[in-house]
Amino acid sequence: MPTSGPLAERINLIRERVSQGIDPMYVGELVREGVENDWPYIFTDLEFEPMVDARFAAIKQGFDHIRGRNPKR
């Protein structure tokens with residue numbers, strides 16, 4: 001295992017995140033509930049919601065560039 005450099009930093013970040021992980025029982029409950037209720041997505045927390053919102057906004061903006069145009073077929 002590398003002790004310095006970008007790969008070592010990435011490994012340390014992953015180790016830190018795993019050590020502060022979410023309770024497996026909580027995750028299991030969410031997965032069970034998601035499967036039983038046919039959820040298309042199962043999330044454990046809201047950490048990435050701002051990034052998802054930003055991504056969807058960018059996608060929506062892409063559609064706005066062509067809104068009102070009719071493609072020739």
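## The aromatic residues Tyr41 and Phe43

Tyr41 and Phe43 are both exposed. The model is a predicted one, and it contains one aromatic pair. That pair is formed by Tyr41 and Phe43 in a stacked arrangement, with 6.2 Å from centre to centre and 20° between the planes. The label "stacked" applies because the planes are under 30 degrees apart.

## The nonpolar surface patch

A nonpolar patch lies on the surface and is formed by Phe48, Met51, Val52, Phe56, Ile59, Phe63 and Ile66. Together these residues present about 690 Å² of accessible area.

Phe56, one of the patch residues, is placed in helix α3, which covers residues 49-66. Is Phe56 buried or exposed? With a relative accessible area of 53%, Phe56 is exposed, since the exposed class begins over 50%.

## The largest pocket

The volume of the largest pocket is about 280 Å³. Its lining is made up of 13 residues, and those nearest the pocket centre are Phe43, Asp45, Leu46, Glu47 and Phe48. Helix α3 contributes the most to this lining, with three residues.

Phe43 is a partner in the stacked aromatic pair, and Phe48 belongs to the nonpolar surface patch.

## Salt bridges

How many salt bridges does the model hold? The count comes to three. Side chains of opposite charge can pair when their charged atoms come close.

Another salt bridge is made by the side chains of Glu36 and Arg32, at 2.9 Å from N to O. Both residues belong to helix α2, and because they are four residues apart, about one helical turn separates them. Glu36 counts as exposed, with 56% relative accessibility, while Arg32 is partly exposed, with a relative accessible area of 45%. A further salt bridge links Arg67 with Asp64, whose closest N and O atoms are 2.8 Å apart. Here Arg67 is exposed at a relative accessible area of 51%, and Asp64 is partly exposed at 43%.

Asp38 is located in the loop between α2 (24-36) and α3. Although Asp38 is not a glycine, its phi is positive, at about 55°. Asp38 counts as exposed, with 66% relative accessibility.

Gln20 is found in the loop between α1 and α2. Gln20 is exposed, and its relative accessible area is 57%. Along the chain Gln20 and Ile42 are 22 residues apart, and their C-alpha atoms are separated by 20 Å.

Leu30 and Thr44 are 14 residues apart in sequence, with a C-alpha to C-alpha separation of 7.2 Å in space.

Lys60 is placed in helix α3. Its relative accessibility is 48%, and Lys60 therefore counts as partly exposed. Lys60 stands 11 residues from Glu49 in sequence, and the C-alpha atoms of the two are 16 Å apart in space.

How values were computed:
Residues numbered from 1 in each chain as written. Predicted model: local features only at pLDDT ≥ 70, side-chain atom pairs only at ≥ 80, totals over all residues. Heavy atoms only, no water. Phe/Tyr/Trp six-rings, centres within 6.5 Å; stacked < 30°, edge-to-face > 60°. Buried < 20%, exposed > 50% of the residue type's maximum accessible area, 1.4 Å probe, protein only. Patch = residues over 30% accessible without salt bridge, like charges linked within 9 Å, V, L, I, M, F, W, Y side chains within 5 Å. Areas by Shrake-Rupley, 256 points an atom, 1.4 Å probe, with all protein chains shown as cover. Salt bridge = Lys/Arg side-chain N within 4 Å of Asp/Glu carboxyl O. Helix = DSSP H or I, 4+ residues; strand = E, 2+ residues; numbered from the N terminus. 1 Å grid on protein atoms, 1.4 Å probe; cavity = no way out; pocket = protein on both sides within 12 Å on 5 of 7 lines; lining within 4 Å. Points joined across faces, edges and corners; volume = space filled by probe spheres on them.
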